[in-house]
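Subject: Structure handover

Hi,

Here is the structure I promised to pass on to you. Please have a look at it first, and then read on for my notes.

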Amino acid sequence: MTHHPKKHLGQHFLHDREVIAQLIAAIAPKPYEHLIEIGPGQGALTEALLPVVKAMDAIELDRDLILPLTAACKQLGKLTIHPMDVLKFDFSQLTTKEHSLRIVGNLPYQISTPLLFHLIQHISLIKDLHFMLQKEVVNRLAAPAGIKAYGRLSVMVQYHFTVEALFDVGPQAFYPPPAVNSAVVRLIPKIPSPIANNYQLFADIVREAFNHRRKTLHNCLRGFVTSEQLQSLGIDPNIRPERLAVAEFVRISNAITTQGAVE
């Protein structure tokens, strides 16, 4: 397939056969599972998955890739390509069955964070996610509280998913080689513990906290909660947001839901 990678779409096509084999082993596809590939590109991963699962969906924004990809996969199984921006894609049009979608992809770096937040909206349909991402993003997804990489993305994703960083991938596995290292991550939906009684409030608190991550909790959450309320929860109001575990953000939002926000 002859195609010049488009820089504005962040195209870096995976071609390393050993990395593809590692990725297939990690996904461990089974016949007739409902697989969706985001950004199949030139089809290196698609051509390995499709013969196993027999039929799969793919979401591809670059229409120049669709006809060559369709031709390359014609004899391998049924490939349904949705030619659109994945950030606008409604996954519920593919199924109403809970925990049935297995979503995979070598993601353009510039859409990785907004895509994860988009997928959270469809989490009830998802069985698991396997993504190739910029290594820095994977580090943020898996980061524990208390380190620099820990932030809003860490909290929101860890609230919804079990995060497992699987293996690193060097630039030479792609054409053209990106300027950064990549990594593969597995995300498996889980039942949050504890559960946020007011999810939007929880999300707002996390966003506000990390918008001002250099400030203390007392200062960055001034409009939500008092120092006294934080202390009553066993939380030091003078620490920075990155010190707070996911469960502690939930406890703050649940306390506000019960007691009311600061006037």
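Let me start with the cysteines. Cys 220 is buried, at 4% relative accessibility, and Cys 73 is buried too, at 1%. A search of the whole structure turned up zero disulfides. Please keep in mind that this is a predicted model.

**The chain as a whole**

The secondary structure comes to 10 helices and nine strands. The chain has a radius of gyration of 20 Å, close to the 18 Å that the globule rule gives for 263 residues, so it is as compact as a globular protein of that length. Along its principal axes, the C-alpha trace spans about 65 × 40 × 30 Å.

Of the 263 residues, 50% count as buried. If you take the contacts between residues at least 6 apart in sequence, 67% of them join residues at least 24 apart.

**Backbone points to check**

In general, most residues other than glycine have a negative phi, and most peptide bonds are trans.

Two peptide bonds to proline are worth a look:

- The bond from Tyr 175 to Pro 176 is cis, with omega near -15°. Pro 176 sits in the loop between strand 8 (174-175) and strand 9 (182-189).
- The bond from Ser 193 to Pro 194 is also cis, and here omega is near 0°. Pro 194 belongs to the loop between strand 9 and helix 7 (199-211).

Then there are two residues with a positive phi:

- Ala 28 is not a glycine, yet its phi is positive, at about 50°. Its place is in the loop between helix 1 (17-27) and strand 2 (34-38). With a relative accessible area of 33%, Ala 28 is partly exposed.
- His 99 has a phi near 55°, again a positive value in a residue other than glycine. The loop between strand 4 and strand 5 holds His 99, which counts as partly exposed at 47% relative accessibility.

Lys 97 is found in the loop between strand 4 (78-82) and strand 5 (101-106). It is exposed, because its relative accessible area of 58% is over the 50% cut-off. Pro 177 is 80 residues from Lys 97 along the chain, and their C-alpha atoms are separated by 38 Å.

Lys 127 is in strand 6 (residues 126-134) and counts as partly exposed, at 40% relative accessibility. What does Lys 127 touch, leaving out residues up to four places away in sequence? Its contacts are Glu 33, His 99, Ser 100, Leu 101, Arg 102, Ile 188 and Pro 189. The C-alpha atom of Lys 127 is separated by 8.1 Å from that of Ile 103, which is 24 residues away along the chain.

Is His 118 buried or exposed? With a relative accessible area of 11%, His 118 is buried. This histidine is part of helix 4 (residues 112-120). Not counting residues up to four places away in sequence, His 118 touches Val 86, Leu 87, Phe 89 and Phe 91.

Happy to talk any of this through.

Best wishes

How values were computed:
Residues are numbered from 1 along each chain as its sequence is written. This is a predicted model: local features need pLDDT of at least 70, side-chain atom pairs count only at pLDDT 80 or more; totals for chains, interfaces and linings use all residues. Side-chain values use heavy atoms; hydrogens and water are left out. Helices (H or I, at least four residues) and strands (E, at least two) are DSSP runs, numbered from the N terminus. Buried means under 20% relative accessible area, exposed over 50%, partly exposed in between (1.4 Å probe, protein chains only). A disulfide is a pair of cysteine sulfur atoms within 2.5 Å. Contact means heavy atoms within 4.5 Å. The radius of gyration is taken over C-alpha atoms; the globule rule is 2.2 Å times the number of residues to the power 0.38.
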